[in-house]
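Hi,

Here is the structure I said I'd pass along. Have a look at it first, and then read my notes below.

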Amino acid sequence: MGGPVMDMQTVLTLPRLGETMEQARVTDWLKAPGDAFRRGDVLLEVETDKTVVEVPALQDGVLLTHLVAAGDMVDLHQPIAEVRVAAGEGAPAPAAPRVAIAPMAPNPAPDAVRADARPAASPRARALARQAGVDLAGLAGSGRRGRITGADVVAGGDGVQQVATPQGPLALRRVTPVKATGAPILLLHGLFDDGRGWRDLPQRLARAGHPVLVPDLPGHGASEARADDLDSATAALAALLDRVAPDGPLRLVGHSLGAVLATRLAVLLGNRVERLVLLSPAGLGPRLNPDFLDLMAAAETPAALARALSLLGAVPLSGAALATELATLRKRRAATAPLARLLAVAGIQQTDIAPQLDTLACPLVALFGLNDRIVNWQDCASLPARTAIHLLRDAGHQPHTSAADLVARLIIQGPPTPQP
């Protein structure tokens, strides 16, 4: 008669999820420390250079410890978690056994008090809270056993504040450096996006000593403000700055529609603007891809939305992520429609920022992706001659995601000084 089945603690490592994959970014953990899982359950999601991929369990077990957090870049075969599995079933490849241990104790009751008195929260929630200076103790968790998730932080406390403007409240995220040594940076996202679309760029800029202001544009994200024309959208952003950064130098960064608004703000702010950085700017050429606007305005299925996002050069999303994005898009459509019409009608751009750029004295930087399928990189010919123009061979419409290091460097340091 055999003895009792012993459990074994082992380390999970990042498996190869594609032929060319060498590393991936953790997007979210679906299992928390203490959670049991069955073979085939999804433990976490990671983003490779090609897509978002689910990492399944290869056998039954219990997750003990996360060794990496959401947002971390992880190399192939790097340890990602410690788990407990039944000895004799075979350790999950490619993992190395650590020590044999006694059978696991039962999970604590839901209302058990933690020894460290910290609120139960996912690693992603803790990372978001650290970035924004949010006290997790003040948040209600929607996860299993009241666990605070990343979504709870985003919804209720990742530093999002509502700033009153004449057009209504604008949602604002602030990323504050440990020691501020540079001018505040205002990041303005593009049409149909929100402040989260900048990914980790705000944190990169903050690490260089710059306070970063990341609003959701009127009609977008968590902003309740509405704008039916560019004047009112610009006025809302100017009112926000009057409240949170009323004086001193600023750096303005705008993507696509955000570049149009950043240019208009630069005209209003005058000598306060240290640098204006335009990423795939609208408002320079005669045309803008009408397929993108039509798909975003009329997509009613995840497949239609996926086609629209493919024009951006975005990483393909999982089915669940597409369904979430589609629901958000539908909710925003009435508010974003006026700005979409002001951007382009039947593929014809309705605004021209070139004359405004000619009036500015601040340094100008512009980046275009040669694979951009929304605006034409040749529109750069409309920029003032003094503009530092960067054409990125492997980038599409979102250079801040495909060339994040370069974008951060140009915002922080500016373009290199030409040698005589």
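Before the strands, one definition: two strands count as paired if DSSP finds at least two bridges between them. Keep in mind that this is a predicted model.

With that in hand, take strand S15 (residues 273-279) and S18: they run parallel and are joined by four bridges.

How much of S18 is buried? Six of the six residues in this strand (residues 364-369) are, so to speak, under cover: the strand is mostly covered, and those six count as buried. In a regular strand the side chains alternate between the two faces of the sheet. Here, Leu-364, Ala-366 and Phe-368 point one way, while Val-365, Leu-367 and Gly-369 point the other way, and all are buried.

Now over to helix H6 (residues 290-298). Its buried residues are Phe-292, Leu-293 and Met-296. They lie on the same side of H6, because they cover an arc of only 95° around the axis. An α-helix has 3.6 residues a turn, so residues three or four places apart point the same way. Among what covers the buried residues of H6 are helix H7 (302-312), helix H8 (319-343) and strand S16 (344-345).

Cheers

How values were computed. Residues numbered from 1 in each chain as written. Predicted model: local features only at pLDDT ≥ 70, side-chain atom pairs only at ≥ 80, totals over all residues. Heavy atoms only, no water. Buried < 20%, exposed > 50% of the residue type's maximum accessible area, 1.4 Å probe, protein only. Helix = DSSP H or I, 4+ residues; strand = E, 2+ residues; numbered from the N terminus. Arc of directions from axis to C-beta. Contact = heavy atoms within 4.5 Å.
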